[in-house]
Amino acid sequence: MTERNRVPSLLSRAGAVSALSLAAMSTTLVAPGAAPEAAAATHAAKALQIASSKKGSPYRYGATGPRSFDCSGLTLYSYKKAGKKLPRTAAQQHNRTKRIAASNRRKGDLVFFHSGGSVYHVGIYAGGGKIWHSPKSGAVVRLEKIWTGSVRYGRVN
């Protein structure tokens with residue numbers, strides 16, 4: 001039985017099927033525009049996993065890995081290993097990402113800390129109000145609760 005022939009029989013057996021189930025069964029049934037979102041989610045999940053694997057790596061100003069990082073160096077490294085290119089600094093990364101509302105944030109999105117109009121720090125959203133980041137001199141890459149409301153969220157496309 002071909003994949004295309006199997007889908008209708010699965011639908012009749014299963015009854016109502018969600019869009020996610022359809023996407024899992026056959027890429028030909030995915031709605032237009034869904035593939036880029038799925039790819040972005042995959043890159044974000046990989047970047048998050050890579051950032052978490054760097055737990056305990058020391059902060060070093062200007063460092064982009066693989067053994068030490070500054071904040072934007074960690075996000076740059078994580079996304080690069082996940083197959084996406086980001087610019088070097090937190091402010092440049094902020095300008096390159098798609099703005100999203102806090103209510104729409106997802107694991108792997110970038111969290112930008114700002115004061116007035118200036119972005120001064122970035123981390124990778126881990127869910128539950130926490131980020132993976134390389135915070136400051138003398139510290140290490142760690143998972144930490146977001147400590148302020150002065151943040152913006154960005155999605156890497």
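## Salt bridges

Arginine 88 and aspartate 70 form a salt bridge, with their closest N and O atoms 2.8 Å apart; the term stands for a side-chain nitrogen of Lys or Arg within 4 Å of a carboxyl oxygen of Asp or Glu. The pair links distant parts of the chain, 18 residues apart: arginine 88 is in the loop between α4 and α5 (90–96), and aspartate 70 is in the loop between α3 and α4. Aspartate 70 is buried, with a relative accessible area of 7%, whereas arginine 88 is partly exposed, at 26%. Buried means under 20% relative accessible area, exposed over 50%, and partly exposed in between (1.4 Å probe, protein chains only). This is a predicted model, in which local features need pLDDT of at least 70 and side-chain atom pairs count only at pLDDT 80 or more, while totals for chains, interfaces and linings use all residues. Residues are numbered from 1 along each chain as its sequence is written, and side-chain values use heavy atoms, leaving out hydrogens and water.

The count comes to three salt bridges. Another joins aspartate 109 to arginine 155, with the closest N and O atoms 2.8 Å apart. This pair also links distant parts of the chain, with aspartate 109 in the loop between β1 and β2 and arginine 155 in strand β6, 46 residues apart. Both aspartate 109 and arginine 155 are buried. Glutamate 144 forms a salt bridge with arginine 142, where the closest N and O atoms are 3.2 Å apart. Glutamate 144 is partly exposed at 24% relative accessibility, and arginine 142 is partly exposed at 30%.

## The sheet

Six strands form an open sheet in the order β1-β6-β2-β3-β4-β5, with antiparallel pairing. Helices (H or I, at least four residues) and strands (E, at least two) are DSSP runs, numbered from the N terminus; two strands pair if DSSP finds at least two bridges between them. β1 (98–100) and β5 stand at the edges with a single partner strand each, so one side of each is left without a neighbour in the sheet. From one strand to the next, the twist averages 45 degrees. Angles run from 0 to 180 degrees between N-to-C directions, and axes are lines fitted to C-alpha atoms, for helices over the stretch in contact.

Strand β3 (residues 118–127) is mostly covered, with eight of its ten residues buried. Six bridges pair β3 with strand β2 (residues 110–115) in the antiparallel sense, and phenylalanine 113 stands opposite histidine 121 in β3. The two strands form a hairpin with two residues between them, and glycine 116 in the turn has a positive phi of about 65 degrees. With strand β4 (residues 130–133), β3 pairs over three antiparallel bridges; here isoleucine 124 stands opposite tryptophan 132. The hairpin of β3 and β4 also has two residues between the strands, and its glycine 128 takes a positive phi near 60 degrees. β4 and β5 run antiparallel, joined by four bridges.

## Helix α4

Nine of the eleven residues of α4 are buried, so the helix is largely enclosed by the rest of the structure. α4 packs on the sheet and touches β2, β3 and β4, its direction making about 45 degrees with that of β3. Serine 72 has its place in this helix and is buried, with a relative accessible area of 5%. Leaving aside neighbours within four places in sequence, serine 72 is in contact (heavy atoms within 4.5 Å) with Arg88, Thr89, Ala90, Gln93 and Val122. After α4 comes glycine 83, whose phi is positive, near 100 degrees.

## Cores and aromatic pairs

The largest nonpolar core has 23 residues, and those with the most contacts inside it are Tyr79, Leu86, Leu110, Val122, Ile124 and Trp132. Such a core is a set of buried Ala, Val, Leu, Ile, Met, Phe, Trp, Tyr and Cys residues joined through side-chain atoms within 4.5 Å. The elements that give two or more residues to this core are α3 (34–53), α4 (71–81), β2 and β3. A second, separate core of eight residues includes Val111, Phe113, Tyr125 and Ile146.

A search of the whole structure finds four aromatic pairs. Rings of Phe, Tyr and Trp (its six-membered ring) pair if their centres lie within 6.5 Å, and planes under 30 degrees apart count as stacked, over 60 as edge-to-face and the rest as tilted. Phenylalanine 69 and tyrosine 77 have ring centres 5.3 Å apart and planes at 65 degrees, so they are edge-to-face. The rings of phenylalanine 113 and tryptophan 147 are stacked, because their centres are 4.4 Å apart and their planes at 15 degrees.
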